[in-house]
Amino acid sequence: SFSTAIGAPKIPTVKWSDVGGLEDVKKAISESLKANLKINSNNSKLKRSGIVLYGPPGCGKTLIAKAVANEFNITFLSVKGPELLNQYVGQSEQNLRMIFEKARLASPSIIFFDEMDSLAPNRGNAGDSGGVMDRMVSQLLTELDTLHSKQNCNVFVMAATNRPDLLDPCLITPGRFDKSIHVRPAQDLTSKLRILEPVCNKMTLEDGLTPEIIAKNCPEIMSGADVTSLMQKSAMKALANAIYLIEEKSLKGDAERKEIENTNVIVKLE
Ligand code: ATP
């Protein structure tokens, strides 16, 4: 069923230190979250507000949203836009209502809408047969607005999209998703290095190989996902090589076998 698809709200295990670079993004999200957690619904002057993270795929939008929940020790509900959509009339809005209800019960919590553009595109779109999108956007606006009127309801909303231009402008207003943050791929050496560091810390590099050397040999623009997959591929190659060596040595004496078994898996960059 849908409720099992979104899963129980949990505190993610991703740490700040697992997110390489993106310091300005981390700072902006933390500040906004802190301010929101302080808001008391009795204080009508302050309104809650959510954040839209936008930028190309693989740059860490989901990763950073999980890390912020971990950092603040709050539960996290992640929903992919298309998962909410249901062909049955009224079911999609019901799904949305359920998410907000779950988040309220698990509060303090974060609801993270991934692929937000597929959920809340500009209303009046010609491709919206049956008006399901229009109803979703209206429902989302209602849910966001009622968050303010609830007592002790610390639900922080975040969204991610590759296409911020497609979002319904009503969502990007004060009290709703009023902050947009660009999450960019690494373009300069320092940012590449910052992304590489947490990834490299989880493996043993070959003697003489450093994150600096890797960063210098990277393509010009790299997302966090590119960096991670490059390093994982290298680790897999190194592992395959180590296994091959162990197999070779198994034909030989005990001492040589021990030596190989004690050797760490070393990442070699090809
Ligand atoms: P999408 O738009 O495809 O959802 P996204 O921006 O949400 O992309 P993530 O899912 O957060 O990207 O990133 C994919 C993977 O790439 C992460 O699970 C992580 O392994 C790695 N990654 C991305 N950015 C970083 C980063 N800044 N530091 C370390 N790893 C990263």
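Two rings of Phe, Tyr or Trp (taken by its six-membered ring) count as a pair if their centres lie within 6.5 Å. With that cut-off, a search of the whole structure, which is a predicted model, finds 2 aromatic pairs.

**Aromatic pairing**

- Phe76 and Phe112 form an aromatic pair with 5.9 Å from centre to centre and 25 degrees between the planes; because planes under 30 degrees apart count as stacked, this pair is described as stacked.
- The pair of Phe76 and Phe112 links distant parts of the chain, since Phe76 belongs to strand β2 (residues 75-80) and Phe112 to strand β3 (residues 109-114), with the two 36 residues apart.

**The ligand and its shell**

- The ligand sits in the largest pocket, and of the 17 residues around the ligand, those that come nearest are Gly20, Gly58, Lys61, Thr62 and Leu63.
- Sorted by class, the shell around the ligand is made up of 7 nonpolar, 7 polar and 3 charged residues.
- Helices α3 (61-71) and α10 (224-249) each contribute at least two residues to the shell around the ligand.

**Polar contacts and cover of the ligand**

- In the side chain of Lys61, an N or O atom is 2.9 Å from an oxygen atom of the ligand, while a polar side-chain atom of Thr62 lies 2.7 Å from an oxygen atom of the ligand.
- Asn162 also has a polar side-chain atom placed 3.3 Å from an oxygen atom of the ligand.
- On its own the ligand has 630 Å² of accessible area, and the protein covers 75% of that area.

**Backbone geometry in two loops**

- The peptide bond that runs from Ser107 to Pro108 is cis, with omega near 5 degrees, and Pro108 is placed in the loop between α5 (91-105) and β3.
- Although Leu22 is not a glycine, this residue has a positive phi of about 55 degrees, and its place is in the loop between α1 (2-6) and α2 (23-38).

Note on methods
Residues are numbered from 1 along each chain as its sequence is written. This is a predicted model: local features need pLDDT of at least 70, side-chain atom pairs count only at pLDDT 80 or more; totals for chains, interfaces and linings use all residues. Side-chain values use heavy atoms; hydrogens and water are left out. A residue is near a molecule or strand if one of its heavy atoms lies within 4 Å of it. A polar contact is a pair of N or O atoms within 3.5 Å; within protein, one must be able to donate a hydrogen and the other to accept it, and residues adjacent in sequence count only if both atoms are side-chain atoms. Accessible areas come from the Shrake-Rupley method with a 1.4 Å probe; for residues, only the protein chains shown count as cover. On a 1 Å grid over the protein atoms alone, a cavity is a set of points where a 1.4 Å probe fits but cannot get out, and a pocket is an open set with protein on both sides within 12 Å along at least five of seven lines; lining residues have an atom within 4 Å of a point. A molecule sits in a cavity or pocket if more than half of its atoms lie within 2 Å of its grid points. Helices (H or I, at least four residues) and strands (E, at least two) are DSSP runs, numbered from the N terminus. Ala, Val, Leu, Ile, Met, Phe, Trp, Tyr, Cys and Pro count as nonpolar, Asp, Glu, Lys and Arg as charged, and the others, Gly among them, as polar. Rings of Phe, Tyr and Trp (its six-membered ring) pair if their centres lie within 6.5 Å; planes under 30 degrees apart count as stacked, over 60 as edge-to-face and the rest as tilted.
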